Amino acid sequence: MTPPPPRLAWTVWGLGALLYLFAFYQRVAPAVMTDQLMAEFAIGGAALGNLSAFYFYAYVAMQIPTGVLADRWGPRRVLAAGAGVAAIGSLLFAFAPSFGWAGFGRLLVGASVAVAFVSTLKLASHWFPPQKYALASGMALFFGVAGGVMAGVPLRLLVENFGWRMVMGSAGMFATLLCVAIWLIVRDDPAERGHASHHQLDGKSHAHAPVLAGIVEVLTYRNIWLLMLAPIGFSGAVLTFAGLWGVPWLRQVHGLDPKAAAAVTSTLLAAWALGGPLLGNWSQQLGRRKPLYLISGAIATAGWAAVIFLPLPLWLMIPLLVVIGFASGNIIIGFAWAKESLPLRLMGTASGVVNMGPLLGGVLLQPGIGWLLDRGWSGAEANGVRLYDAATWQGGFALLFASVLLALILVPFIRETRCQQS
């Protein structure tokens with residue numbers, strides 16, 4: 001049999017990547033709706049942080065099960081089910097009569113779209129040759145962040161013209177159509193379409209191995225732990241800033257209007273999307289993972305320190321955020337690094353564990369910063385929205401910087417794989 005034609009391979013992979021685009025869209029959408037959500041449900045910073053983080057709570061909880069399911073049931077069924085439940089959660093959030101129902105909708109969305117990235121990586125390992133895995137992983141991040149960019153200025157304009165409920169309801173309809181397309185077109189392996197598979201077995205068959213045994217085996221690898229913890233800082237900071245707190249900070253401290261603030265956070269995400277595939281490809285060409293991961297982590301750490309603690313003018317801060325976003329794309333190096341750190345049969349489970357890191361960043365940082373903001377709140381409000389002064393914002397963002405610094409400290413302890421599969 002011949003390998004699958006590139007057009008078919010990219011189409012199959014692309015439908016999984018589209019669900020990841022939708023996942024990212026939902027992940028950062030609250031950032032441009034903070035005023036509406038705070039006024040609609042009469043909530044403060046801590047409650048808003050929790051409403052946004054309900055997505056992350058469920059997403060993180062689903063990562064290990066998602067990896068196991070992708071290994072045992074195949075990405076087609078997992079992706080289709082995820083898109084279907086995401087449609088239900090999106091519609092529930094869109095028409096929620098209360099804060100509790102809105103939170104439950106976010107919880108359903110987070111749990112369902114949690115399958116997107118890991119299952120798309122699983123498809124890549126079957127439909128693309130090994131040397132293209134880092135590129136496919138980086139392009140998946142690019143798709144995801146494209147969803148985040150769509151949830152910036154375009155979403156803000158739609159919300160202003162049609163209201164947040166109608167816009168989020170439309171997102172639910174998109175997820176319904178995607179569910180149908182995935183079921184009809186996606187297949188787990190090219191062999192199901194009459195083509196040769198690119199999947200490389202490691203010589204052992206573990207198709208019926210106990211689920212818990214696979215999880216335990218993955219967790220015996222030190223690299224997996226470290227590659228899960230480091231993105232809590234590097235990627236979690238990007239998701240927290242662009243996904244919730246960056247827009248209100250830019251508005252309240254730097255005086256930007258909502259669309260301009262959303263454009264700045266979208267620029268950060270776009271740089272992150274560009275950095276992922278480029279850094280992943282450069283590390284492949286270098287034949288080593290650690291040097292670029294460490295250098296990019298150091299750049300991101302220094303950049304956040306400057307943005308948070310220095311009185312930078314906007315003309316300097318915005319390009320610095322671009323640099324931070326690009327450097328934070330080192331998450332793609334981390335996924336390739338994790339894949340090489342253990343037997344290939346455990347890739348799905350390992351990817352799920354490692355993918356917990358960025359989302360744990362959202363779980364910890366979004367409500368954590370909100371809690372710190374509320375502690376420093378002076379009582380000022382405008383149209384039901386809490387206003388925080390510059391010092392309070394700096395105190396809240398200090399938590400973000402601390403997480404990035406800790407991530408940088410962990411990197412030297414990760415074992416180099418030299419881009420070779422274990």
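Which charged end sits over the ring of Phe24? I looked it up in this model, which is a predicted one. The answer is Arg27, whose charged end lies 4.4 Å from the ring centre. I also found the charged end of Arg76 over the ring of Trp183, 3.8 Å from its centre.

Next entry: rings with rings. My search of the whole structure turned up 26 aromatic pairs. I started with Trp10 and Trp13, whose ring centres are 5.0 Å apart. Their planes meet at 85 degrees, and over 60 counts as edge-to-face, so that's what I call this pair. Both sit in helix H1 (residues 6–28), three residues apart, which means about one helical turn separates them. Are they buried or exposed? Trp10 is partly exposed at 30% relative accessible area, while Trp13 is buried at 3%.

Then I checked Phe41 and Phe99. Their ring centres are 6.4 Å apart with planes at 75 degrees, so I noted this pair as edge-to-face too. This pair links distant parts of the chain: Phe41 belongs to helix H2 (residues 34–41) and Phe99 to helix H5 (residues 99–113), 58 residues apart. I have Phe41 down as buried, with 12% relative accessible area. Phe99 comes out partly exposed, at 28%.

Last entry: a cluster. I followed ring pairs that join Phe241, Trp245, Trp249, Trp304, Tyr388, Trp393 and Phe397.

Definitions and conventions
Residues are numbered from 1 along each chain as its sequence is written. This is a predicted model: local features need pLDDT of at least 70, side-chain atom pairs count only at pLDDT 80 or more; totals for chains, interfaces and linings use all residues. Side-chain values use heavy atoms; hydrogens and water are left out. Rings of Phe, Tyr and Trp (its six-membered ring) pair if their centres lie within 6.5 Å; planes under 30 degrees apart count as stacked, over 60 as edge-to-face and the rest as tilted. Helices (H or I, at least four residues) and strands (E, at least two) are DSSP runs, numbered from the N terminus. Buried means under 20% relative accessible area, exposed over 50%, partly exposed in between (1.4 Å probe, protein chains only). A charge sits over a ring if NZ of Lys or CZ of Arg is within 6 Å of the ring centre and within 35 degrees of the ring normal.
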